[in-house]
Amino acid sequence: MEKLEDQMAMVEYYRRSLNLRLWGLPDQDTVDIQKYVVDGFAKLLNLEREDLEKQITVYWINAVYAKNNKLPRDCLVKFQSNELRELVLQTHFKTPFQIMGKKIVILKDIPPRLLKKRKDYKVLSDLLLKNEINFRWLLPEGISFQFKGRRRFSISEAMKLQSFMRKYKKDMEV
């Protein structure tokens with residue numbers, strides 16, 4: 001059953017591969033979110049607004065968690081091409097994205113099952129970030145990185161994670 005659920009999560013991951021999720025947008029029903037996001041992306045990427053408007057669609061996401069905790073809703077941006085989506089992510093990494101004076105966080109749209117699996121690797125990912133070590137998430141679960149010029153580590157099982165942490169945690173703590 002677990003394997004089938006992982007396969008379904010991977011199908012959902014690939015289906016969402018052209019989406020980005022925006023956090024921190026002002027949550028007002030009267031705001032034309034399509035206009036604000038297109039204008040913001042045009043400014044961020046130095047592209048014409050009309051060209052972008054044809055290539056993206058923007059939706060509000062009504063999440064129960066956000067409503068219950070009085071948080072702003074997320075916004076989903078669907079792209080026509082992966083190249084434009086990657087350009088937005090790369091540019092956002094270098095330059096902060098702002099709409100109406102608020103800093104907006106741009107994230108890939110990842111299925112909840114895969115996010116839940118990544119929680120097991122949180123301690124390791126936090127240590128890697130703290131030590132400024134680049135890493136990649138493996139699919140459906142796991143993490144891959146190169147540590148202190150040594151060979152590349154690919155950890156995709158709980159036992160491997162525990163073994164790595166026992167062996168190298170002292171080297172990673174500053």
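The model is a predicted one. Its chain holds eight helices and eight strands, and its C-alpha atoms fill a box of roughly 55 × 40 × 30 Å along the principal axes. Of the 174 residues, 38% are buried. Among contacts between residues at least 6 apart in sequence, 55% join residues at least 24 apart.

Now to the charges. The chain carries 34 positive and 23 negative side chains, and the centres of these two sets lie 6 Å apart. Side chains of opposite charge can pair when their charged atoms come close. A search of the whole structure finds 15 salt bridges, including these:

| Salt bridge | Closest N and O atoms |
|---|---|
| R113 with E5 | 3.3 Å |
| D6 with K117 | 3.3 Å |
| E141 with K117 | 3.3 Å |

R113 sits in helix α6 and E5 in helix α1, so their pair ties together parts 108 residues apart in sequence. R113 is partly exposed at 24% relative accessible area, and E5 is partly exposed at 32%.

D6 lies in helix α1 and K117 in helix α6, so this pair links parts 111 residues apart in sequence. D6 is buried at 14% relative accessibility, as is K117 at 11%.

E141 belongs to the loop between β6 and β7, so its bridge to K117 in helix α6 ties together parts 24 residues apart in sequence. E141 counts as partly exposed, at 24%. Through shared partners, salt bridges join E2, E5, D6, R113, K117 and E141 into one network.

Terms used: Residues numbered from 1 in each chain as written. Predicted model: local features only at pLDDT ≥ 70, side-chain atom pairs only at ≥ 80, totals over all residues. Heavy atoms only, no water. Helix = DSSP H or I, 4+ residues; strand = E, 2+ residues; numbered from the N terminus. Buried < 20%, exposed > 50% of the residue type's maximum accessible area, 1.4 Å probe, protein only. Contact = heavy atoms within 4.5 Å. Lys, Arg positive; Asp, Glu negative; His and termini not counted. Charge placed at Lys NZ, Arg CZ, Asp CG, Glu CD. Salt bridge = Lys/Arg side-chain N within 4 Å of Asp/Glu carboxyl O.
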